[in-house]
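Thank you all for coming.

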Amino acid sequence: MKTTTTSSLMLAWLVMLLWQVPALAGGIDLLEKNVSLSLQNAEIKTALLQIEKLADVRFIYSPKVIQAERKISLEAKNERLSEVLNKLLLPMGISYTAKGNQIILSPPLINLDFVPELLDNPIKGKVTNSAGEGMPGVSIVIKGTSKGTTTDTEGNFTINADKGQTLVFSFIGYKTQEVVIGEDTNLSVVLEDASLQLSEIAIVGSRSNIARTDVERPAPIDVLNFKDLQNTGQIEVGQMLQFTSPSFNSAKYGINGVANYADPATLRGLSPDQVLVLIEGKRRHQFSALNLNITVGKGTVVTDMNTIPALALDRIEILRDGAAAQYGSDAIAGIVNVGLNRSVNKGKIMSQFGITTKGDGATYTAGVNYGFRLGKDKSYLNLTLHYQHADGTDRSDPFNGNIYSTNREIERATRAARGVWPVEGEFRVSEYGSNQTTAYQGFANFGYPINNKWSVYAFGGYSLKQIKAFGFFRNAIPTNANSNTDIWPDGYTPILPGKTLDYSGVVGIRRQVFGEWNFDFSTGYGYNSLDLEAKNTANPSMGADSPRDFYVGKSAFGQSTTEVNLSKNFVGLLGTKTFNIAMGSQFRIDRFQLVRGDENSYKVGPLARTRGKLPGSSGRPGIAPEDETNTTRSNIGIYVDVESDITDRFLLAGALRYENYSDFGSNLSGKIATRYKLTESFSVRGSINRGFRAPSLQQIFNSVTTSTVQAGEIRQTKQLRSDEPRLRQLGISEPKAETSWNYNLGVTTNIKDKLLVTLDAYQIDIQDRIIVTENLVVNNIPALRNLFPGFQEVAFFTNQIDTRTQGIDLVTTYKHAFNERKSFNASVALTLNRTQVSRIKPTPAQLQEGSPRPVVLLDTISISLIETSQPREKVLVSLGYQWHKLNATVRFNYFGPVTAWEKPANLPHRSQTFSGKTLTDVVLSYNFTNKLTVSVGGNNIFDVYPDRVFTNYASYFNGQTPFTRNANQFGFNGAFYYINALFNF
């Protein structure tokens, strides 16, 4: 045992002071800041956390080495930071060094390992990152002992240790590394990025500034970083999430109305509009157009995730719990929060090419990202540009219907005479698959600290997508209401181009006010529009006078959001460890527009009356003048949010939010959540919350005549505005907000940061769920016939049903590093859930009056879209292995069965269940240099397809749609192979 003398202690003190002088000179401005705080019997680490917030500094230290759990009391009133640190640290024997906005804490002076001349066996060295930069503040501990040190400002260290002992090097965000001491007493240690770290710091779902990992939160959160997303081989964010998050569902559609232009995306089997999307914690605007086709999300408005380029992302957090009390309307199923890239002085160039095994769907993607530092620490300007082109795919079957006549002999003779369609042999009349898409996108993320108290931030993006969709084939049988033999004597297939424009911007300021309150003020605007055309088609009612191309019209949605947030963490309040209070207000204005198409797109031509021909551009009738709208509404919300570590083990959180809308009234939401650590590695958690979703402006004011396909027949339907006064005469009220009760109970365990398991059970009860009714045949219902003469069918929105969703989410992850060049990771994530309609309200007496049969507002088909059109089971299994520069990943993705229903003419409802299927993905990546990585991969390498629609079903549509359009499983493009190059600079 070493004997410590008074002279050696004085020498140690002198050496440490001399060592500090140069660094103190560099950090003199920092140490001149004035701070005030009052602490009684608090731990050192608590005091450091308070000072970090007050002085905008970051302490770098090892809690074990400086013994940060020791208790102190401290009073300081408007004193310089250097004086406060001297009061706090010197009596505890802790030295500090200031560099930039960082303060590095050194071990207690009694540990003479900092003075090489006094050590028996000094081990020296330097710790760097993968770029060769010295890393200050790295914790170094002799394994099995309490002895340790930290690196200096250049990453150098000295420690007294014996041969055979093991040094443990650790730093936040990097892999912990162990080095056994041998003959060499001068070590070079390189710490690698913690890509194998299991727990991720999560931000969404909490307004506290206390850093907590995803498993420490009281509600389940998936944290997906850029590498996780890119490794899927998908090119759009929605599909990346489809194959990385078990509770997230999104699939591509063809021949399916608005779903052609924005993919419906859901959480926990609920509707697309019951998910709230945030960017950097700020509300994201929705898509402009309403989905009225018979598919997942019928009657809802989506948020288009694919307007955000993947290179702009740092990560995505998915909160699988209701959060309307914290963030407002729509967050019934959960929240998707997009975290943007803030990297500086480095960039990425990414390019990918892929194609299906059928030879179609060729996809080319190119993007660049770079971050600039703007002269100050913590400043950044990160820019992304993205280009994407994807050819369409076609998975239609050979056409087995009639072109010219229902009489077989006339059909064959006309085909032979016309010479357009073969008499014998296979041919196709339309395209059914993923739509051709070209996208131009950009995104920016900016932050700048004006001084030590003020900072400004901004972010925003632009997206222009051009999409080519198709409609169903219109035959040339003269009696068909959609045929126009004057200009299309051999039939025609409408082509439906769409252009979606999307842009947004948010600017805000942050600072500390009233002493220690964190203040955040921001304002932003988001806009989306969809311009639609119809080409290669006709207005059947105009006959020979019909043009072939039409401008159908435009839908547009804009959202302006201004909010202010205040928060403060009261350390030690009422005997708690932490007590964070947040409060704030948000003011929002929404605007919805429908702009008319050209006159011929909605015109009622003479043949409508004389020959029963349908008016408007076939495939996509235009927006008529009477359907135009330009409507706004506003709402204001206020909230209070509390989160407290009652003890080191017990976390309790709660929130209340009041919102008032200018059109339908107010709502009060609340939430309470908790987490209790039974041990350091095992916790239980749970939450109860009351949420709501306001009816969207699109659901209230949309009024468009649309062309839909039901059981093989093309019909025109009038979707009525919700403020239509004639609906009041039928006993139909304007839609009010949906309300929900969400219950979650779960357990988490993290064993030595190698094995992580989370298991959560949940139940979501939704009352007054907003649905669009069936297409009600006017002539069959006397009450409608009297009020809506001249209409074939009408539909409208109403709060008609209650639903209950129950499920279980399981996430298991294992990661192990054999050494710095070899590692293995495995994960299993699954969701099991079921949604059922628990109550259907009776049809109002005024609407039922005079009808001998019950007037059904929601029939079997619409109920199935809610209950069985999404997989109730989804399992994602991933296995990865890194060997030197080679990374290999294999994924197995199981999508459970789905069921779709149809109602053929003059037949009862019938259904078809499509069995569950497993898709297998493989990707190999090789790091040719530390800058260039090339990946080759295959998605769905065994070319698995969903079950085919029965050929005798109307929804087969004579071979045009051999895979169901009325359920969302996993798409139907088959195997896809790609090569990807990522260059870091």
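A charge is taken to sit over a ring if NZ of Lys or CZ of Arg is within 6 Å of the ring centre and within 35 degrees of the ring normal. What we have here is a predicted model, in which local features need pLDDT of at least 70 and side-chain atom pairs count only at pLDDT 80 or more, while totals for chains, interfaces and linings use all residues. Residues are numbered from 1 along each chain as its sequence is written, and side-chain values use heavy atoms, with hydrogens and water left out.

By that definition, Arg 510 lies over the face of Tyr 457, at 3.9 Å from the ring centre, and Arg 910 lies over the face of Tyr 953, at 4.2 Å from the ring centre.

Now to the rings themselves. Rings of Phe, Tyr and Trp (for Trp, the six-membered ring) pair if their centres lie within 6.5 Å, and planes under 30 degrees apart count as stacked, over 60 as edge-to-face and the rest as tilted. The count under this rule is 27 aromatic pairs. Why is the pair of Tyr 503 and Tyr 527 stacked? The ring centres of Tyr 503 and Tyr 527 are 5.0 Å apart and the planes are at 25°, so the pair is stacked. Because Tyr 503 lies in strand β27 (residues 495-513) and Tyr 527 in strand β28 (residues 517-534), the pair ties together parts that are 24 residues apart in sequence; strands here are DSSP runs (E, at least two residues), and helices likewise (H or I, at least four), numbered from the N terminus.

As for accessibility, buried means under 20% relative accessible area, exposed over 50% and partly exposed in between, with a 1.4 Å probe and protein chains only. Tyr 503 is partly exposed at 31%, whereas Tyr 527 is buried at 12%. Phe 983 and Phe 985 form another stacked aromatic pair, 6.3 Å centre to centre with 15° between the planes. Phe 983 is partly exposed at 35% relative accessibility, and Phe 985 is partly exposed at 35%. Together with Tyr 370 and Phe 372, Phe 983 and Phe 985 form one aromatic cluster.

Finally, let me turn to Glu 724, which is placed in the loop between β36 (713-719) and α13 (725-729). Glu 724 counts as buried, at 16% relative accessibility. C-alpha to C-alpha, Glu 724 and Ser 662 are 18 Å apart in space, and they are 62 residues apart in sequence.
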